[in-house]
Amino acid sequence: LQCLTVLQRLDVWLSGGSDLCVWNQKLDLLCKTSHLSDAGVSALIELPKNCVAAAVGKELIIFRLSASSNGSEGWNVIEVKRLLDHEDNILSLVSVNDLTFVTGSHVGELIVWDALDWTKKASECNFWDSSVCPDTQPEIKLSQSPNETSVQHLTSDEECVFAAVGKGIYVYNLQMKRVIACQRTAHDSSVLHIQKLPNRQLISCSEDGSVRIWELREKQQLPTEPVPTGFFNMWGFGRANKQANQSAKKMQENTPMYFLELVGDLIGHSSAVQMFLYFGELGLATCSADHLIILWKDGERESSLRSLTLFQKLAQNGDLQLK
């Protein structure tokens with residue numbers, strides 16, 4: 001067993017391993033597929049029209065669920081399509097909305113898919129390229145190890161997909177079809193799990209035991225600021241001639257630049273933090289290889305609530321005099 005997902009619309013849940021199983025809320029097995037592969041199903045997401053997308057090695061398999069026609073509670077799982085666009089194992093899946101979902105692979109491929117007809121809408125395969133983050137100095141490396149380029153986890157909102165790639169975090173804008181911001185070394189080791197929060201914030205956790213909070217902010221561009229060389233790489237210019245310089249400068253003026261700023265660091269774990277659960281105003285729960293589960297709360301909010309409670313008690317006791 002490698003993954004689980006709940007299909008709210010059908011009131012069933014799925015488990016993925018060497019095969020795909022459908023269960024009801026009473027834990028009754030309703031049906032399952034035949035053996036898929038030795039690698040098994042590594043990730044699952046729900047799609048429209050009673051379909052699911054299952055990552056099986058390099059393949060993305062679309063299944064459709066249908067109720068049995070004989071009136072029983074049984075279900076049928078039918079394979080509809082196999083998508084073979086990835087060159088390496090698919091590690092992460094995320095649903096953006098009813099029209100779009102995104103996949104990420106071990107060699108740094110990110111593909112944006114149409115959720116209705118399962119065609120490829122866009123892709124990004126060079127997260128480590130300097131053109132992705134034109135505001136940072138490119139690192140000179142002869143080759144990239146798989147651990148540095150692997151898309152470990154994905155999260156999304158209606159506007160962007162946030163990808164944990166190696167030690168870094170990359171922000172891919174779905175409308176622009178390009179990466180608009182990145183933090184190449186968000187952690188000292190691989191980023192294992194990320195989640196989008198309200199107010200343009202993001203939480204990430206890593207093998208290094210750290211949990212960090214980031215905020216996506218727009219960078220203020222100065223008219224006299226020199227054009228980064230990354231723009232020329234992006235458009236394929238070998239040398240920054242005058243015409244290329246003007247084109248890139250015009251693009252820079254019309255395109256807002258963003259960056260990820262570290263706004264919080266949760267220190268408490270001594271080993272890899274595999275994942276976390278975010279409960280909104282109630283706080284955050286992190287789980288780690290150090291055998292600890294830590295519950296966190298927003299310190300600023302808790303301080304404000306304590307102050308409010310104190311003033312209410314003082315007012316009730318008549319100790320608070322307004323001047």
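Because the model is predicted, local features need pLDDT of at least 70 and side-chain atom pairs count only at pLDDT 80 or more, while totals for chains, interfaces and linings use all residues. Residues are numbered from 1 along each chain as its sequence is written, and side-chain values use heavy atoms, with hydrogens and water left out.

Let's start with the gaps. Rolling a probe the size of a water molecule over the atoms shows where empty space is left. Here the search runs on a 1 Å grid over the protein atoms alone: a pocket is an open set of points with protein on both sides within 12 Å along at least five of seven lines, a cavity is a set where a 1.4 Å probe fits but cannot get out, and lining residues have an atom within 4 Å of a point. Points are joined across faces, edges and corners, and a volume is the space filled by probe spheres set on them.

The largest pocket comes out at about 720 Å³. Its lining has 24 residues, with Leu-44, Leu-93, His-153, Leu-154 and His-193 nearest the centre. At least two lining residues come from each of the strands E1 (3–7), E5 (41–47), E9 (90–95), E13 (151–156), E17 (191–197) and E21; strands (E, at least two residues) and helices (H or I, at least four) are DSSP runs, numbered from the N terminus. By type, the lining splits into 14 nonpolar, 9 polar and 1 charged. For this count, Ala, Val, Leu, Ile, Met, Phe, Trp, Tyr, Cys and Pro are nonpolar, Asp, Glu, Lys and Arg are charged, and the others, Gly among them, are polar.

Next up is the second largest pocket, with a volume of about 540 Å³. Of its 21 lining residues, Leu-197, Gln-201, Ile-213, Tyr-278 and Asp-298 sit closest to the centre. Strand E20 (257–266) gives the most to this lining, with 4 residues.

The largest cavity has a volume of about 40 Å³, and its lining is made up of Leu-7, Arg-9, Leu-10, Glu-46, Leu-47, Asn-50 and Cys-51.

Finally, Phe-279 is found in the loop between strands E21 (273–278) and E22 (284–288). Phe-279 is partly exposed, with a relative accessible area of 46% (buried is under 20%, exposed over 50%, partly exposed in between, with a 1.4 Å probe and protein chains only).
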